[in-house]
Amino acid sequence: MRTSFISALGLYAVLIGCGVFFGGVEFGDSTPMKGQPYRTAYHFQPPKNCINDPNGPMYYKGIYHLFYQYNPNGPLWNMKTTWAHSISYDLINWVHLDHALNPTHPYDINGCWSGSITILPGDKPAILYTGKDRETHESQNLAIPKNLSDPLLIEWVKSAHNPIMTPADDIGPLFFRDPTTAWQGPDKRWRVIIGSQINGHGTAILYTSEDFVNWTRSESPLYSSNRTGMWECPDFYPVSVKGIGKGRETKYVLKASLPGFNLQDHYVMGNYDPQTDIYVVDADFMDSALQLRYDYGRFYGSKSFLDSGKDRRVLWGWIEETDSKSADIEKGWSGLQSFPRTVSISKSGKQLTQWPIKEIEKLRSEEVNIHDTELEGGSVLEVVGITASQADVEVSFVLPNIEEAEMIEQNLVDPQLLCSKNQASVKGLVGPFGLLVLASKDLTEQTAIFFRIFRSHSKYVVLMCGDQSRSSLTYDVEKTTYGAFVDVDPASETISLRSLIDHSIVESFGGGGVTCITGRVYPKLAIDNEAHLYVFNNGTQSVKISKLSAWSMKEAQFVQYRNEENLFSNYDEQQRKILFENF
Ligand code: DQQ
């Protein structure tokens with residue numbers, strides 16, 4: 001403990017005075033783009049330009065920090081990214097600060113790419129990030145706050161020792177990026193993993209260090225898999241499995257973002273021995289019966305952090321646009337962050353459960369409820385009384401005629417394909433039933449999130465689909481139908497669905513959050529007050545709504561901090577109250 005504390009102090013001494021880099025580029029006018037139907041109201045977005053991966057989220061001295069990949073020069077992704085920086089007291093309302101890292105040095109002149117934050121002993125945050133050099137080669141670099149007494153940590157200083165990790169010969173210079181949050185082993189050495197591919201196989205390269213500046217590559221990677229190619233943005237963290245049996249109290253999750261699989265975030269779970277750094281997975285990537293992914297729609301480059309204030313793990317993911325590049329240029333922006341989700345182990349212990357953080361509830365306004373209502377086969381029921389373009393909906397279904405479900409051979413079918421062949425308009429027996437969101441009054445436009453129940457041998461199988469085939473009258477947007485199985489037993493429990501609807505994003509959580517599907521949609525008719533919400537059942541068998549609650553959602557507050565002014569001076573009383581009520 002003592003050694004690392006002294007080393008950490010040493011690190012700060014080395015860094016301070018090595019040159020200061022102000023996040024000089026600001027967002028400019030932060031007035032929301034009114035009249036733009038696809039801007040969101042409560043998902044995280046800067047005022048303009050392109051954002052992608054969340055970087056270095058942390059909770060530090062009562063404040064949440066979110067850094068993220070940002071192109072200050074335009075609405076499309078560009079290699080020369082900066083680390084933009086925003087802070088919040090509640091993960092809902094945000095203040096945009098100056099950029100924390102800009103491409104300024106030979107080792108990062110072509111971009112400050114993704115990375116993480118580690119809070120070193122003595123409450124000292126340190127950024128590890130990937131720099132792209134003149135040849136676009138990748139290395140890992142270190143930065144720390146210029147002034148630890150600044151509660152907002154606005155200015156960051158790059159280490160004079162950068163680059164602190166460069167790829168050895170067996171690692172391609174373009175396959176060495178996105179350091180995780182570091183952790184300390186029992187020997188007090190720091191460990192960190194870097195995303196890579198070696199001989200075409202996805203790999204988490206392990207480095208260790210005593211002082212956070214000098215790093216040594218371990219002989220073996222933490223894990224690698226020949227079922228995948230390059231791993232971007234790896235994440236590695238413990239989850240408590242207390243009370244779920246098998247003697248252990250902790251499992252470790254390893255997540256990899258897979259560019260070779262159409263930008264999907266997959267994870268594995270396993271046992272990690274901190275003495276030996278041996279990580280043994282329960283099943284390899286894509287090898288478990290459940291094909292573990294955070295989200296079976298659009299969700300990529302994600303990163304989690306431990307929220308020590310509330311003792312929970314919170315996950316952010318980049319939700320990219322699925323409209324055309326020319327539409328992004330016209331909009332002036334692209335990319336969103338998911339609504340922050342808590343991550344924990346599912347009841348079965350076989351996968352993770354994700355759920356919107358509880359703070360979301362303070363955005364809820366008008367509420368409508370439906371109880372114990374039968375939905376006959378072929379019926380559509382409108383949920384009226386809320387703003388359907390900006391809503392939070394929770395519904396649970398009971399299936400009185402479940403034994404009528406069709407047969408499938410679960411092991412032989414691809415759930416996404418099954419959903420594509422059986423979209424919401426295709427009649428079934430038990431299902432499709434679920435929600436039609438961002439729907440026009442005449443239903444020509446609709447995004448359907450629904451379930452279909454099958455029987456496979458002696459058990460029931462729940463399929464969850466996100467059908468965007470009729471989401472927009474516009475042609476040049478993606479209209480994928482997503483699908484995944486939900487590990488719940490519909491014979492003994494209700495089937496729940498929660499959808500966060502926010503103008504052009506629909507984040508859905510099936511079975512209490514064991515299966516998530518996020519989509520981006522761009523309706524032409526179903527915008528703002530013209531959007532409607534329905535519950536539907538297109539099966540022959542009736543289903544029962546056990547309970548449905550839906551809320552209109554208020555807008556989250558996003559404000560721009562200007563360096564030259566007092567942080568609070570340009571807020572009106574209402575904004576101050578919203579931002580600081582939890583402080
Ligand atoms: N995005 C960053 C990279 C990362 C990729 C560049 C993943 O560091 O590998 O913007 O989306």
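Which polar side-chain atom lies 3.1 Å from an oxygen atom of the ligand? In this predicted model, select Glu232: a polar atom of its side chain is found at that separation, 3.1 Å, from a ligand oxygen.

**The ligand and its polar neighbours**

Proceed to Arg177, where an N or O atom of the side chain is 2.8 Å from an oxygen atom of the ligand. Of the 310 Å² of accessible area that the ligand has on its own, the protein covers 95%.

Next, select the residues surrounding the ligand: Asn52, Asp53, Gln69, Trp77, Trp113, Ser114, Arg177, Asp178, Glu232, Cys233, Tyr300 and Trp318. Coloured by class, this shell shows five nonpolar, three polar and four charged residues. To place the shell in the fold, highlight strand S1 (49-60), strand S5 (112-120) and strand S15 (232-240), each of which supplies at least two of the shell residues.

**Leu222**

Now move to Leu222, in the loop between strand S13 (215-217) and strand S14 (223-225). To view its surroundings, select Ile193, Ala204, Leu206, Phe236, Tyr272, Asp277 and Tyr279, which Leu222 touches when residues up to four places away in sequence are not counted. Finally, display the C-alpha atoms of Leu222 and Ile205: they are separated by 6.2 Å, although the two residues are 17 residues apart along the chain.

Notes:
Residues are numbered from 1 along each chain as its sequence is written. This is a predicted model: local features need pLDDT of at least 70, side-chain atom pairs count only at pLDDT 80 or more; totals for chains, interfaces and linings use all residues. Side-chain values use heavy atoms; hydrogens and water are left out. A residue is near a molecule or strand if one of its heavy atoms lies within 4 Å of it. A polar contact is a pair of N or O atoms within 3.5 Å; within protein, one must be able to donate a hydrogen and the other to accept it, and residues adjacent in sequence count only if both atoms are side-chain atoms. Accessible areas come from the Shrake-Rupley method with a 1.4 Å probe; for residues, only the protein chains shown count as cover. Helices (H or I, at least four residues) and strands (E, at least two) are DSSP runs, numbered from the N terminus. Ala, Val, Leu, Ile, Met, Phe, Trp, Tyr, Cys and Pro count as nonpolar, Asp, Glu, Lys and Arg as charged, and the others, Gly among them, as polar. Contact means heavy atoms within 4.5 Å.
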